[in-house]
Amino acid sequence: MSQKPRLGCLHAHHSNIGYIENIIPRDGLEAVHFVEPGLLRRIGSDAEFSMEDAAAQVRQQLDWMAACGVDALLITCTNYIAAMPDEPAQYDIPIIKIDEPFFAYLLQQPPRHLLLFSNPDTVDGTKQRLRDYAAARGIQPEIEVEVIPNTFTLFLTGQTEAYNRAVAERLRELVRLHRFTSLSVGQLSMVDAAQRVAGETGHAIGNPLQPLRAHLDAILAGNAQG
């Protein structure tokens, strides 16, 4: 019996583990999870902590993960992705960034698409990466961005139900207003609320998990054919 490929997953919060476990093809992949919350907090709270410092920390973490015998790396935190240095040449395994399949999905959406965040510290890095991703493909993104104010602290302090209620309330309001053709949430922490409101309203709400699942399935299918 051949050993399943091992996917090393870097998270900024332990809650992301369940999301990834729910979407990986269990007969094709084994997930090995690494959680590092410190960098996310440092980026948002320490003005003297530079992007060079962040890149060095991410590189150190990726070095450690790669040395643990995984076959691919998955980065689930958009802040960590934005802080990543150029992928070091010594990595001979794929590095999957959760936002890239999501960007591909976003660029397929019709105009007046809203991308919703709760963490203001992740917005600028994500927007820049989206612009770069679109420009490399000759596309001008027509996506608006909004941050739900004063909510992400609830998540960071473990007030998950209050956080989900706040995100869901804003999503319900946006659905009622019909100002946008379509909606997406830009963080894994928002997925539960998005799925709840989508089920209540019948209004599709995109999230990073859906494109990632399809991406992992395609990788496995390609490996099987090869």
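Me: How many cavities of 30 Å³ or more does the structure hold?
Reply: This is a predicted model, where local features need pLDDT of at least 70 and side-chain atom pairs count only at pLDDT 80 or more, while totals for chains, interfaces and linings use all residues. Residues are numbered from 1 along each chain as its sequence is written, and side-chain values use heavy atoms, leaving out hydrogens and water. A cavity is a set of points, on a 1 Å grid over the protein atoms alone, where a 1.4 Å probe fits but cannot get out. Counting those of 30 Å³ or more, the structure holds 2.

Me: Happy to start there. What space lies in the largest cavity?
Reply: The lining of the largest cavity comprises 21 residues (lining residues have an atom within 4 Å of a point). By class, that lining has 9 nonpolar, 11 polar and 1 charged residues. A volume is the space filled by probe spheres set on the points, which are joined across faces, edges and corners; for the largest cavity it is about 250 Å³.

Me: Which helices each supply at least two residues of that lining?
Reply: Nearest the centre of the largest cavity lie T76, C77, T78, Q187 and L188. Helices are DSSP runs of H or I with at least four residues, numbered from the N terminus. Those that each give at least two residues to the lining are helix 4 (78-83), helix 5 (99-106) and helix 7 (152-156).

Me: And which residues line the second largest cavity?
Reply: The second largest cavity has a volume of about 30 Å³. Its lining divides into 4 nonpolar, 2 polar and no charged residues. The residues are L174, V175, H178, F180, L183 and H203.

Me: Let's turn to L62. Is L62 buried or exposed?
Reply: L62 sits in helix 3 (residues 51-66). Leaving aside neighbours within four places in sequence, L62 is in contact (heavy atoms within 4.5 Å) with L10, L73, I75, M84 and Y91. Its relative accessible area is 1%, and since under 20% means buried and over 50% exposed (1.4 Å probe, protein chains only), L62 is buried.

Me: What residues does Q61 contact, leaving aside its neighbours within four places in sequence?
Reply: Q61 is also found in helix 3. With a relative accessible area of 14%, Q61 is buried. Its contacts are L10, F34 and E36.

Terms used. On a 1 Å grid over the protein atoms alone, a cavity is a set of points where a 1.4 Å probe fits but cannot get out, and a pocket is an open set with protein on both sides within 12 Å along at least five of seven lines; lining residues have an atom within 4 Å of a point. Ala, Val, Leu, Ile, Met, Phe, Trp, Tyr, Cys and Pro count as nonpolar, Asp, Glu, Lys and Arg as charged, and the others, Gly among them, as polar.
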